[in-house]
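Dear colleague,

I am handing over the structure below, together with an account of what was found in it. Please read the notes with the structure open beside them.

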Amino acid sequence: MRLDGRRAIVTGAGRGIGLAAAAALAEAGAAVTLIARSASEIESGADMIRAAGGEASAQMLDIADLDAVNAFFPAQPAFHILVNNAGTNRPKPMWDVSPDDFDAVMDLNLKSAFFVTQACVASMIAQGIAGSIIHMGSQMGHVGGPNRSLYCASKWALEGMSKSFALDLARYRIRSNTIAPTFIETPMTRPFFQDKAFLDSVLAKIKLGRLGAVEDLMGAVLFLASDASAMMTGTSMVVDGGWTAD
């Protein structure tokens, strides 16, 4: 499960799941590029990884800006590993969803992931590099949830997209898989858990009885990035504490 000599890129890497994924890849020997819209966050994250002995760099990039994405990847050496982690959520009943809500969630969670992958694999294919594409999905890409119509739509679509990518890219020895976490406590999700009724409803569904932590996903990221999963493509690793088993 070592990644020495490989280059990895993680979107939304300034904090939470993205930063944990970058740290896991760097600890296994990859040279990791952290990208996000906030320069201060990714620079701090890269500093932390380097202080722990890893190789990391920070590059500010808004992945919703497709012109910037298409300029960024050809200017880099091809990556071996892409973690599509950037995402957003606007939880509300479906009857309250506005066109602006729809565009905000679908554009970042799905459209940006599609075209970041497209730009990344173009360089991989041109340079003959085999590798692994990892999309950060959700248990909500396998089930439904109240007030989650947009999020579910984006994550179910991500699952289908990844399967189709796997078929297109197999001939180039590029794999595409998803990780589907349960509710993970991060700076983005922490405010939701201040609502005790909501927290109790979540914990009632997670059979292991606790919220997920970013560390719970680091092993899954490393596994899918490495040769340990060399025969896995077009599938999903569900890290949900038993939520979808019920």
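With which side chain does the side chain of Thr-182 make a polar contact? The partner is the side chain of Gln-139, at 2.8 Å. Please bear in mind throughout that this is a predicted model.

Surroundings of Thr-182

Thr-182 lies in the loop that runs between strand S6 (174-181) and helix H6 (196-205). With a relative accessible area of 9%, Thr-182 falls under the 20% limit and is therefore buried. Apart from neighbours within four places in sequence, the residues in contact with Thr-182 are Gln-139, Ile-206, Gly-212, Val-239, Asp-240 and Trp-243. Asp-240 deserves a separate remark: 58 residues separate Asp-240 from Thr-182 along the chain, yet their C-alpha atoms are 4.2 Å apart.

Surroundings of Ser-236

Ser-236 belongs to strand S7 (residues 236-239). Its relative accessible area is 19%, which is under 20%, so Ser-236 also counts as buried. Two polar contacts of the Ser-236 side chain may be noted. One, of 2.8 Å, is with the side chain of Thr-178; another, of 3.2 Å, is with the side chain of Glu-159. When residues up to four places away in sequence are set aside, Ser-236 touches His-142, Glu-159, Thr-178 and Ala-180.

Packing of H1 and H2

Two packed helices are described by the angle between their axes and the distance between the axes. For helix H1 (residues 16-27) and helix H2 (residues 39-51), the angle is about 30° and the axes are 10 Å apart. Because this angle is under 35 degrees, H1 is roughly parallel to H2. The crossing of H1 with H2 is right-handed. On the H1 side the contact is made by Leu-19, Ala-22, Ala-23 and Ala-26, and on the H2 side by Gly-45, Met-48 and Ile-49. Of these contact residues, 6 are nonpolar, 1 is polar and none is charged.

Residues with positive phi

Most residues other than glycine have a negative phi. Asn-147, however, has a positive phi near 65°. Asn-147 sits in the loop between strand S5 (131-136) and helix H5 (149-169) and, at 37% relative accessibility, is partly exposed. Arg-173, likewise not a glycine, has a positive phi of about 60°. Arg-173 is in the loop between H5 and S6; its relative accessibility is 56%, which is over 50%, so Arg-173 counts as exposed.

With kind regards

Note on methods: Residues numbered from 1 in each chain as written. Predicted model: local features only at pLDDT ≥ 70, side-chain atom pairs only at ≥ 80, totals over all residues. Heavy atoms only, no water. Axes fitted to C-alpha atoms, helices over the stretch in contact; angles between N-to-C directions. Helix = DSSP H or I, 4+ residues; strand = E, 2+ residues; numbered from the N terminus. Parallel < 35°, antiparallel > 145°, perpendicular 65-115°, else oblique. Left-handed = near helix turned anticlockwise from the far one by under 90°. Contact = heavy atoms within 4.5 Å. Nonpolar A, V, L, I, M, F, W, Y, C, P; charged D, E, K, R; others polar. Buried < 20%, exposed > 50% of the residue type's maximum accessible area, 1.4 Å probe, protein only. Polar contact = N/O pair within 3.5 Å; in protein donor to acceptor, adjacent residues only side chain to side chain.
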